[in-house]
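Subject: Handover of a structure and the findings from it

Dear colleague,

Please find the structure below. I ask that you keep it open while you read the notes that follow.

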Amino acid sequence: MKNRNFKNFKKNKQFFSKKPFNKGHKETKILAGSISQLTGDSIGETYSLSGIIDRVVQTGGPTVFYLSDGTGVLALKSFEGPGIRSHPEINENDIISTLVKIGEFQNELEGEIIKIEKLQD
């Protein structure tokens, strides 16, 4: 049986683009640092941070993890769904490493979790 869509596919040149795949997309630069180094200029940047989770708060929206690295404390947010606990494997007093995008909420810096992992059990 012939596939009729194949004939249309060959005729339609839009499927065969010569443009680079990532054209127009900004390359993500990951910065390493400490919480005390974060400023308003850090908003929109991606950082690799590590430290101890001081507190975990489940809101009606995101789960908020408070990360302390010895130089400061930063709220890290993760959203799975309204009131659903994100990253249930991460608890208070866990030592973690995380990749976050820095943002601002109510004039305070915060991190949106891209990746998080526990460094010890």
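Predicted model: local features only at pLDDT ≥ 70, side-chain atom pairs only at ≥ 80, totals over all residues.

Residues are numbered from 1 along each chain as its sequence is written, and side-chain values use heavy atoms, with hydrogens and water left out.

Overall arrangement

Of the 121 residues in the protein, 30% are buried. Buried stands for under 20% relative accessible area, exposed for over 50%, and partly exposed for values in between, using a 1.4 Å probe and protein chains only. Among contacts with a separation of 6 or more, 45% join residues 24 or more positions apart.

The nonpolar core

Which residues touch the most other members of the largest nonpolar core? They are Leu49, Leu67, Leu74, Leu76 and Val100, in a core of 15 residues. At least two residues of this core come from each of β2 (46-58), β3 (63-68), β4, β5 and β6. A nonpolar core is a set of buried Ala, Val, Leu, Ile, Met, Phe, Trp, Tyr and Cys residues joined through side-chain atoms within 4.5 Å.

Leu74 lies in strand β4. Leu74 counts as buried because its relative accessible area is 2%. Apart from neighbours within four places in sequence, Leu74 contacts Ile35, Leu38, Leu49, Phe65, Tyr66, Leu67, Ile102, Leu109, Glu110 and Gly111. Its C-alpha atom is separated by 9.7 Å from that of Ile53, 21 residues apart along the chain.

The largest pocket

Leu74 also belongs to the lining of the largest pocket, together with Ile35, Val73, Ala75, Lys77, Phe105, Gln106, Glu108, Leu109 and Glu110. The volume of this pocket is about 160 Å³. Strands β4 and β6 each supply at least two lining residues, and the largest share, four residues, comes from β4. Pockets are found on a 1 Å grid over the protein atoms alone, as open sets of points where a 1.4 Å probe fits, with protein on both sides within 12 Å along at least five of seven lines; lining residues have an atom within 4 Å of a point. Grid points are joined across faces, edges and corners, and the volume is the space filled by probe spheres set on the points.

Charges over rings

Two of the lining residues, Lys77 and Phe105, also meet in another way: the charged end of Lys77 sits over the ring of Phe105, 3.9 Å from its centre. Arg55 lies over the face of Tyr66, at 4.2 Å from the ring centre. For this description, NZ of Lys or CZ of Arg must be within 6 Å of the ring centre and within 35 degrees of the ring normal.

Residues in loops

Is Gln106 buried or exposed? Gln106 counts as exposed, because its relative accessibility is 65%. This residue is in the loop between β5 and β6 (108-118), and its phi is near 50 degrees, a positive value in a residue other than glycine.

His87 likewise has a positive phi without being glycine, near 45 degrees. His87 is found in the loop between β4 (73-78) and β5 (95-105), and is buried, with a relative accessible area of 18%.

Ser86 is also in the loop between β4 and β5. At a relative accessible area of 0%, Ser86 is buried. Setting aside neighbours within four places in sequence, Ser86 is in contact with Gln58, Thr63, Phe65, Ser78, Phe79 and Glu80. From C-alpha to C-alpha, Ser86 and Thr63 are 5.8 Å apart, although 23 residues apart in sequence.

With kind regards

Technical notes: Contact = heavy atoms within 4.5 Å.
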